[in-house]
Amino acid sequence: MPRIISITGQKGGVGKTTSTIHIASRLADLGFKTCIIDFDTTQSNVTRSTIGPIWESEQKVRGICDVMANGGSLDEVFYETERENLFIIPSEKKDARGANYNIEALLNQLGLEGFNLLKELIENSERLGECHFILIDNAPSLGITTVSSLLAADYFLIPVQTSDLSMESIGDTITAGLKVKKLQNPYLEPLGFFISSMDKRPKMAKKAIVELSDLSEKTGIHFFETVIPISSKFAFLPRERKTIFDVTKASERGHKEYLGLVDEMLERIKAIETQEAQLTSKRLPGKEA
Ligand SMILES: Nc1ncnc2c1ncn2[C@@H]1O[C@H](COP(=O)(O)OP(=O)(O)OP(=O)(O)O)[C@@H](O)[C@H]1O
Ligand SMILES: [Mg+2]
């Protein structure tokens with residue numbers, strides 16, 4: 001059974017796509033069969049940064065939008081990438097006639113069915129069923145696409161930038177995730193939040209750490225010890241369809257920390273799943289500890 005992680009955050013430009021690609025690439029390098037679902041269907045930035053802008057290709061490559069709008073299986077739009085063990089379900093942004101898809105409107109029109117469409121498509125995909133991890137990149141909103149991604153997920157992870165606005169907005173993202181867990185998806189667990197690009201000014205950095213530690217204490221949501229530093233290298237990666245792992249040494253800024261982030265994430269998952277297994281065995285008659 002794959003573990004499905006939704007990378008969420010209602011604020012734009014906080015590092016959702018960058019962290020989705022880097023976490024997924026590291027998981028793939030560790031030997032885990034990993035697929036990214038590009039569910040930011042208006043920007044399609046994961047697609048752009050990995051296999052390229054498929055909507056501009058002559059072959060009219062299909063992605064998740066076509067499957068959602070016209071039917072079919074995600075198996076038909078499950079593609080290899082140049083990285084071993086890393087696969088992608090792309091978002092193609094435009095339909096065969098060049099018109100923009102509006103998946104948000106489509107799902108809203110479908111009502112309850114719309115909220116559950118992504119979950120159903122994932123559950124019915126054989127190729128996704130063979131993966132160890134599925135990472136879902138989301139649009140910067142808490143609209144129906146993000147909610148449907150939380151309905152499909154086992155975990156949600158929140159990248160945060162050390163600007164005040166982003167710090168405020170993560171409170172709303174946490175609330176949305178916990179609401180989905182309470183009302184619709186009891187299996188959804190918050191993996192936590194992490195700093196996806198740390199302010200270089202020591203005063204701002206310190207303030208951010210204090211505020212986020214407070215938030216973690218108040219909400220009980222894990223605040224990752226690993227902090228990703230700002231590095232100008234990240235800006236050039238999407239265009240070159242590369243990751244920081246491909247262009248820097250393991251000891252360099254950003255590279256080292258993304259390795260650490262994935263280690264910490266895997267430890268978190270192990271801790272959550274061990275605790276869940278203990279709880280389940282305690283609830284089973286005759287298996288009390
Ligand atoms: N650690 C970092 N250091 C410097 N730049 C970074 C870092 N992480 C991400 N960036 C840059 O910040 C910008 C926004 O990142 P990204 O696209 O991942 O955010 P996002 O949350 O997915 O945005 P959106 O909400 O628009 O989808 C990009 O130009 C990316 O290269
Ligand atoms: Mg993005």
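The structure is a predicted model, in which local features need pLDDT of at least 70, side-chain atom pairs count only at pLDDT 80 or more, and totals for chains, interfaces and linings use all residues. Residues are numbered from 1 along each chain as its sequence is written, while chains are lettered from A and ligands numbered from 1 in the order in which they are written.

**Ligand 1**

- The shell around ligand 1 holds 19 residues, of which K16, T17, T18, P140 and S197 come nearest; a residue is near a molecule if its C-beta atom, placed from the backbone, lies within 6 Å of it.
- Two or more residues each come from α1 (16-29) and β7 (189-197), where helices (H or I, at least four residues) and strands (E, at least two) are DSSP runs numbered from the N terminus.
- With three residues, α1 gives the most to this shell.
- By class, the shell has eleven polar, six nonpolar and two charged residues; Ala, Val, Leu, Ile, Met, Phe, Trp, Tyr, Cys and Pro count as nonpolar, Asp, Glu, Lys and Arg as charged, and the others, Gly among them, as polar.

**Nonpolar core**

- In soluble globular proteins, nonpolar side chains tend to be buried together.
- The largest nonpolar core has 68 residues, such a core being a set of buried Ala, Val, Leu, Ile, Met, Phe, Trp, Tyr and Cys residues joined through C-beta atoms within 7 Å.
- I5, C35, I64, I134, L135 and A153 have the most contacts inside this core.
- Beyond its neighbours within four places in sequence, A153 is in contact (C-beta atoms, placed from the backbone, within 7 Å) with I4, I5, S6, I136 and L188.

**Positive phi values**

- Most residues other than glycine have a negative phi.
- K93, in the loop between β4 (86-89) and α4 (103-110), has a positive phi of about 65 degrees.
- K93 is buried, with 21 other C-beta atoms within 10 Å; the term buried requires 20 or more, exposed 12 or fewer, and partly exposed applies in between, with C-beta atoms placed from the backbone.
- R241, in the loop between α10 (237-240) and α11 (244-247), has a positive phi near 55 degrees.
- R241 is partly exposed, with 15 other C-beta atoms within 10 Å.

**Packing of α4 and α7**

- The axes of α4 and α7 (residues 144-152) lie 9 Å apart at an angle of about 70 degrees; axes are lines fitted to C-alpha atoms over the stretch in contact, and angles run from 0 to 180 degrees between N-to-C directions.
- The two helices are therefore roughly perpendicular, a term for angles of 65 to 115 degrees.
- I103, E104, L107 and N108 in α4 meet I144, T145 and S148 in α7.
- The residues of this contact comprise three nonpolar, three polar and one charged.

Definitions and conventions
Contact = placed C-beta atoms within 7 Å. Parallel < 35°, antiparallel > 145°, perpendicular 65-115°, else oblique.
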